[in-house]
Amino acid sequence: MDVMDVADFFIATANEGNPEEDDGMTNMKLNKLLFFAQAASLQRFGKPLFDAPLEARKYGPVVKDVYRTFSGYQRDAIAKVARPFDWKTLDPEVLQLLCDVYRTYARDYSAIGLMRMTHKPGTPWSQAYEEHKNNVISCESIREWVNQTPLMIDETSVSDSLVTVAELDQHGHPFLPEGWEDDDD
């Protein structure tokens, strides 16, 4: 996948959310999500999600081209995607992976919280980082890390039989079926 499509997916998803509940997608948060998406793909599929290298920078993993594209936003939420993005063109397994990464890491963690996670001893970032250098974080080091410390994305907190799956309306937008909120108990 093109890394910019992954970035645009996360930006578009954040911008569809409730601004009262979400602080938006900053450049820093976006780059940490790219790291977790790459790690999740290596964990789940055994292969990288994108070819662009992740660099070990002072504040955590960064994809240089993505960082540069959105650097004008500085610490503010990114207002729009880099280019038009149609999530319906994604392979369903990849779309599920991106949704899982977003659900697990974007909704409940700030950019700083994600940075703290990537900075823990033993992470691929901590192994590659050297001050004033932008060393590449290898996919092999990420693969070894997720083999030793699996990401939380593959854990299910509730039975699949209890989960209501959204359907698509005539415009291709997801919606929950009528009566989803009814309590059958």
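Predicted model: local features only at pLDDT ≥ 70, side-chain atom pairs only at ≥ 80, totals over all residues.
**View 1**
Three elements each supply at least two lining residues: helix α2 (27-44), strand β2 (60-62) and helix α5 (111-118). The most comes from α2, which gives five residues. By type, the lining residues of this pocket divide into seven nonpolar, seven polar and six charged.

R57 belongs to strand β1, which covers residues 54-57. Is R57 buried or exposed? Its relative accessible area is 19%, and the limit for a buried residue is under 20%, so R57 counts as buried. The side chain of R57 makes a polar contact of 2.8 Å with the side chain of E55. With neighbours within four places in sequence set aside, R57 is in contact with V62, K64, Y67, W125, Y129 and N134.

**View 1. The aromatic pair F35 and W145.**
A pair of aromatic rings is described by the distance of the centres and the angle of the planes. For F35 and W145 the centres are 5.6 Å apart and the planes make an angle of 40 degrees, and the pair is classed as tilted. F35 lies in helix α2 and W145 in helix α7 (residues 139-148), so the pair ties together parts that are 110 residues apart in sequence. Both residues, F35 and W145, are buried. They also belong to one aromatic cluster, together with F36, Y105 and Y109. The count of aromatic pairs in the model comes to seven.

**View 2. T118 and the residues it touches.**
T118 is found in helix α5, one of the elements that supply lining residues to the second largest pocket. Its relative accessible area is 2%. Because a value under 20% counts as buried, T118 is a buried residue. Which residues does T118 touch, not counting those up to four places away in sequence? They are K32, F35, F36, G60, P61, T123, W125 and S126.

Technical notes
Residues numbered from 1 in each chain as written. Heavy atoms only, no water. Helix = DSSP H or I, 4+ residues; strand = E, 2+ residues; numbered from the N terminus. Nonpolar A, V, L, I, M, F, W, Y, C, P; charged D, E, K, R; others polar. Buried < 20%, exposed > 50% of the residue type's maximum accessible area, 1.4 Å probe, protein only. Polar contact = N/O pair within 3.5 Å; in protein donor to acceptor, adjacent residues only side chain to side chain. Contact = heavy atoms within 4.5 Å. Phe/Tyr/Trp six-rings, centres within 6.5 Å; stacked < 30°, edge-to-face > 60°.
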